[in-house]
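Subject: Structure for you, with notes

Hello,

Please find the structure below. My notes come after it.

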Amino acid sequence: MNLNNLTIKYWNIFYKKKKLVSKPTKFSIFCLKFLKSYKGILFDLGCGNGRDTIFFNKNKINAMGLDVSSSAIKNNKKRYKAIKNKFKKGNFCLTFNKKKIKEKFSIYSRFTLHTINHENEKKLIKSLINQKNLEYIFIETRTIQDEFFGVGKKIGRNEYISNHYRRFIVPSELKKTLSKNFKIIYFKQSRSFAKFKSYKPNVLRVIAKKNNF
C-alpha cells in the first residue's frame, strides 16, 4: 500500500465518525470579507465534512467541495441533499490539470496544502498557473514552526507520519513560489488563527491574486 492509499484510508475512516465540528472555520469567516459579491466559483480543496463549502454557499458564494475521501463526499451528499451537486470526489492535485475552467474561479485551501507532498504541490500550482480564469488563492496551512513538526516517522524533507501524513510548509519558500505568478495580498503566521480549546497551532495564512487579474 503506497502513501496515497494510506492517506485515503485514514481520511475515509476519519469521516465515518458521527461527531465532527459543523460550524465554519475561522479561516472561512476571514476569507468571506474578500469574497463579498464574488461571482465566480470557489473550489474548496479537501473539503472534508463540507462545513466551509456550506458556509460559503449560505453566503451566496458558489463554492464546490472537492475531496479524495469517498466517505466524506458520500456523507456530505447525504447530509446536504439540497445542494449535493456541490460536492465531488477527486484528487485536487490533478483536477485542474485535466480540465480548463471556463469561468472565473478561485481556490480555497484550508489545512490541505500540508497533506500533499512537495511534488504534488508543484503539480497543483503549475496546473493553476495554466488556468487563465483563476483569480484568487486562499491558503491556511501548517508550518515548520508547528508543534507537530518532527513528530512521528520522518519520510522526507519536512514530511512525517504519526497518526497520518503531514508535510510542514516553509513560509519563505511558499511565498517565493507564489510570487512568480501572483500578487501577495496577505501573508501572516500566527498561533491565534486556528485555536481549538487549549490547542494553538502555528499556521500560515496566504491570500494571493493571479497577476493577469
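Predicted model: local features only at pLDDT ≥ 70, side-chain atom pairs only at ≥ 80, totals over all residues.

Residues are numbered from 1 along each chain as its sequence is written, and side-chain values use heavy atoms, with hydrogens and water left out.

Helix α3

Helices (H or I, at least four residues) and strands (E, at least two) are DSSP runs, numbered from the N terminus. Buried means under 20% relative accessible area, exposed over 50%, and partly exposed in between (1.4 Å probe, protein chains only). Helix α3 spans residues 51-58 and is largely enclosed by the rest of the structure, because 6 of its 8 residues are buried. Those buried residues are Asp52, Thr53, Ile54, Phe55, Phe56 and Asn57. Their cover includes helix α2 (26-32) and the strands β1 (41-45), β2 (62-67), β3 (87-89) and β4 (105-110).

Serine 28 belongs to helix α2 and counts as buried, at 0% relative accessibility. Contact means heavy atoms within 4.5 Å. Apart from neighbours within four places in sequence, serine 28 is in contact with Asp52, Phe55, Phe56 and Tyr108.

Positive phi values

Most residues other than glycine have a negative phi. Lysine 60, in the loop between α3 and β2, has a positive phi near 65°. Lysine 60 is exposed, with a relative accessible area of 77%. Asparagine 158, in the loop between β6 (153-156) and β7 (159-161), also has a positive phi, of about 60°. Asparagine 158 is buried, at a relative accessible area of 13%.

Positive patch

Lys16, Lys74, Lys77, Lys78, Lys81, Lys84, Lys88, Lys99 and Lys102 form a positive surface patch. Patches are made of residues with over 30% relative accessible area and no salt bridge, with like charges joined within 9 Å and nonpolar side chains (Val, Leu, Ile, Met, Phe, Trp, Tyr) within 5 Å. A salt bridge is a side-chain nitrogen of Lys or Arg within 4 Å of a carboxyl oxygen of Asp or Glu. Helix α4 (residues 70-79) supplies the largest share of the patch, 3 residues. Lysine 81, one of the patch residues, sits in the loop between α4 and β3 and counts as exposed at 61% relative accessibility.

Regards

Note on methods. Areas by Shrake-Rupley, 256 points an atom, 1.4 Å probe, with all protein chains shown as cover. Lys, Arg positive; Asp, Glu negative; His and termini not counted. Charge placed at Lys NZ, Arg CZ, Asp CG, Glu CD.
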